[in-house]
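Here are my notes on this model, point by point. Please read them with the structure open.

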Amino acid sequence: MKVSNANWAEKLAGKMPEHLAREIDIFETELTLRKQGKVDERVIAETRLRRGVYGQRYDNGQRHNGKAVQSVAYPSGSLTKGPNTMWDAPGMQRIKIPAGGLDAGQLETLADLAEEYSDGIAHVTTRQDFQLHYVHIEDTPSLMRRLAAAQITTREACGNSVRNVTACPYAGVCPDQAFDVTPYSKAMSKFLLGHPDCQNFGRKFKPSFSGCSQHACGLASMHDLGLIGVTRIEDGKEKRGFETYVGGGLGAVPYQAKLFDAFVPPEEILPLAQSIARVFAARGEKKNRSRARIKFLIQDLGIEKFRELVLEERKTLPHDPRWTEFVAEAETFEETPLRPAGKAPLLGTEAFQRWVKTNTRAQRQEGYVVVTITLPLGDITANQLRSLADIARRFTNETIRATVEQNIVLRWISQADLTEMHKALDAVGLADPGAGTIVDVVTCPGTDTCKLGISSSRGLSAELRKRLGEKSFQLDESVQGLHIKVSGCFNSCGQHHVADMGFYGVSRKMSGYAVPHFQVVLGGEWEQNGQSYGLPVIAVPSKNIPEVVSRLTGRYAASRRQGESFKDFIKRTGKVELKRMLEDLARPPADPSDRTYFSDWGDPREYGLLDMGVGECAGEVISPVEFDLMAAERELFEAQVAWEGGQVEQAGVTAYQSMLRAAKALVKIETQSVSDDPGQIVREFRARFYDTQKFFDPFAGGKFAQYLFTAQEKSSEPATQDSARYLIDEAQLFIDAAHSCYNRIATPVSA
Amino acid sequence: MGNPVMQQQTELQHVNVKLILQNHADADLEPLIPVFHQWIQDQPPGELLLDIADYQHVPAGPGVVLIGHEGDYSVDNTDNRLGVRYNRKAPLDGSNEDRLKQAARAALTACRRLEEEPRLGGKLRFGGQEIEIFINDRLLAPNSDATREAADSEFRAFARKLFRGTDYSVTYESDPRKLFKVFLKSAQPFSVAALLESLG
Ligand code: HEM
Ligand code: SF4
């Protein structure tokens, strides 16, 4: 949509890492090909998802406007960017931030992008990522280029891939840690990004790192791969390692991860992750999406068998120097402060005192603290991002991290600077107290933007924040420290299982009408790396949830035994009594004319489920062949561009390459052992697809294959204006035939 | 290589116009949400309105945004200056003046609708004097002296027309990281209707 889209590539040339620049060019071409109808909608869906480009609510071209379902007449008509996903519909861009680590310049870039391509807000997610909403797909390549110039990629932020590698935001400064896990998490992130062994998963794969086992920060137990830093003494020397868990995951049915190995040395974490990825890719479920996460594979095989398979795989892996390159540097990695350590009496206004109490935390390094910036619902404005960049530069060496509680922390603040820092934050609305307390509600996007949303998780969270915020400092101490997390549906993107009070959206009928509800999930635990999950107790209309919170916290404060945690209180009270306590809140309103229940928080439209769409949580399972064929298409497109630009020889070479790529894609259906050598590709193709007639078109027979053979024979002759033109046409026909051939093979005719 | 004056001209696309409201400190944006929902139901001719984003919880933020395909409308509180804003997203043909006019007209028309909306009880009212115009594209219009020099005369001409030759001041956003933005302030107050009339 932006007029400037045509110019960013040139403007940023030389500023983007070359491989990122190339990847984005490719993505842009893929979008162009989709517009020309040359790429299937399923393939473009998974392609964009793997670049973090998600669909958003109403993108199927329908929206209930409060009175009726309205069809949305997007200008690009029937063009789609995925099954049932209209091209012009606003979408969400997820931006991967490994370990949540950012510098000031990156905050400024996010600010610019939020303003220019989104609605002025950047949103921090529950996995240390950023998201921008209402983005037009045609703006995404520019957006990605500007991120690339700031050393950020969106690659594999969604789709069936290795998602953001998260890490405890206090890593390196936490008094309880075994050691700083940051460099290890970053090494894993870099290693697995785009790794060939991670391209054929049936579902997503989420790794996380923690510095200790007693706190929640890394949430190891709910990850596909969770690594907790530990040390042990070997030959009188302290040695670092990782207690390694696999197969955890939230979702409708949450799974606790299982211990894979109590001590994996740093030089083994990457090959281990690679081996796990290979086993997951080879054996994981591909058809039934709801059983495709690695947790199900481990459940089916048993952890012992799974471990055995992974270790066998490990033995066969060809050595990769990247496995260990980072280790020596990681041992000595340390962030540095900008300002000298200090100690100052923490006196000041009441607001300052409250803020110090909840939003600062002592570092292991004397005289320094970590400051948390509480972001309401994870949202921050463009101007605030820029101000925060200034503040980070003024007080730190830009040691910034996003957290899974949807906040941002600044590390290495000299205690002597706290008063000044508080002032600076307050001036831009970033000094809200209450970080990590009951007010600091965590929430998924819910019905605001998510296609699967059932209830308004953000609406509810905003309401809870408002109500609790007003009185939070009068609440009992024990209540102040509780955690609330809200998801708009059972998929648990808001991590409601690992909260004291979790809520997830469900729909129920009352007096014949659909009413937005939340299921109340109690007794989960945020501490201990999210080690126990809450259980659903009762479903209550959305509008009554604040009262649920009020009753539960009131009862806890009043009847809590000495030192009793909320989880223990819930257990002691028991489900029967809890249900009894809340039952009246689940009943229809006494006054049938009272319509308040029939709409959701922050959304006055009468509630219904008609806006739900098909979510893109899983992405499409696209075979490597389909991706390779798309790459061939793209190469051919580049050949055309070269030809039009007068680079005739280049056009000829590229067109020939595109045919080879398509041929190789088909060969790989039958054997993986094929190199990039043109001779070998053509030989294998001839034997497997031509001689067997598998490639033959019902009408044209083997004609299209002949184009490849001829192109190979003539490949040493430089192309002319005409010959390049012919070759481009032939390559197109060859690639089309390769698609048909693949479709015939992939869809066997049933008897 | 063409006329040097032409080369200096900045293409003003993605024009934003924000009309600063009066009494903004105590404004409650909640009642705006059902109003915007109704705008979506009504679908004005020639544009597509899609959805609502509510950012009331964010201090000095975008407020409540009505997301459209061609452009967004909002009551925006950026810089703690509450205003009715139009954010043109789709490119437009024509001259810079045409595009300035289009965005101004869209903002003014929206503002008039809000002023007349009974559910808002006349609480959202144009202050009559202050208008921000900004270009939501840093590549087309970086916030630099060069852009300022290239666009100044066009903004002044536009302001002259809008304020019908009465006195006004022009200042520019000084932070180079922010969007290229001009603050227009007329010496005397104008009603929305009068400004719409000036646009012709
Ligand atoms: C069946 C589909 C989906 C499932 C099972 C699912 C599941 C999850 C789970 C379990 C988490 C979070 C916790 C974690 O593992 O750390 C998560 C994260 C998240 N999900 Fe979903 N999700 C689905 C679809 C969606 C959709 C359609 C959206 C909205 C567009 C969405 C938005 C998010 C967000 C914003 C996060 C936190 C972000 C991040 O990875 O950075 N999810 N999802
Ligand atoms: S929990 Fe449900 S509503 Fe919330 S983001 Fe995930 S899929 Fe969407």
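1. Chain B, contacts. Of the contacts (heavy atoms within 4.5 Å) in chain B between residues at least 6 apart in sequence, 64% join residues at least 24 apart.

2. Ground rules. This is a predicted model: local features need pLDDT of at least 70, side-chain atom pairs count only at pLDDT 80 or more, and totals for chains, interfaces and linings use all residues. Residues are numbered from 1 along each chain as its sequence is written, chains are lettered from A and ligands numbered from 1 in the order in which they are written, and side-chain values use heavy atoms, with hydrogens and water left out.

3. Chain B, fold. Chain B holds 5 helices and 8 strands. Both are DSSP runs, numbered from the N terminus: helices are H or I with at least four residues, strands E with at least two. Along the sequence the order in chain B is α-β-α-β-β-β-β-α-β-α-β-β-α. Chain B has a radius of gyration of 17 Å, close to the 16 Å from the globule rule for 200 residues, so it is as compact as a globular protein of that length. The radius is taken over C-alpha atoms, and the rule is 2.2 Å times the number of residues to the power 0.38.

4. Chain B, extent and surface. The C-alpha trace of chain B spans about 55 × 35 × 35 Å along its principal axes. Of its 200 residues, 56% are buried, meaning under 20% relative accessible area with a 1.4 Å probe, protein chains only. The accessible surface of chain B is about 8,300 Å², and 50% of this belongs to carbon and sulfur atoms. Areas come from the Shrake-Rupley method with a 1.4 Å probe.

5. Ligand 1. Which residues are closest to ligand 1? They are A:Thr125, A:Asp129, A:Lys206, A:Cys493 and A:Cys617, out of 23 that surround it (a heavy atom within 4 Å). A polar side-chain atom of A:Asp129 lies 2.5 Å from a ligand 1 oxygen atom. For A:Gln495 the distance to an oxygen atom of ligand 1 is 3.3 Å, again from a polar side-chain atom.

6. A:Ser599. This residue sits in the loop between helix H20 (575–582) and helix H21 (624–644) of chain A. A:Ser599 counts as buried because its relative accessibility is 12%. Leaving aside residues up to four places away in sequence, A:Ser599 touches A:Pro516, A:Lys543, A:Pro604, A:Arg605 and A:Tyr607.

Note on methods: Polar contact = N/O pair within 3.5 Å; in protein donor to acceptor, adjacent residues only side chain to side chain. Buried < 20%, exposed > 50% of the residue type's maximum accessible area, 1.4 Å probe, protein only.
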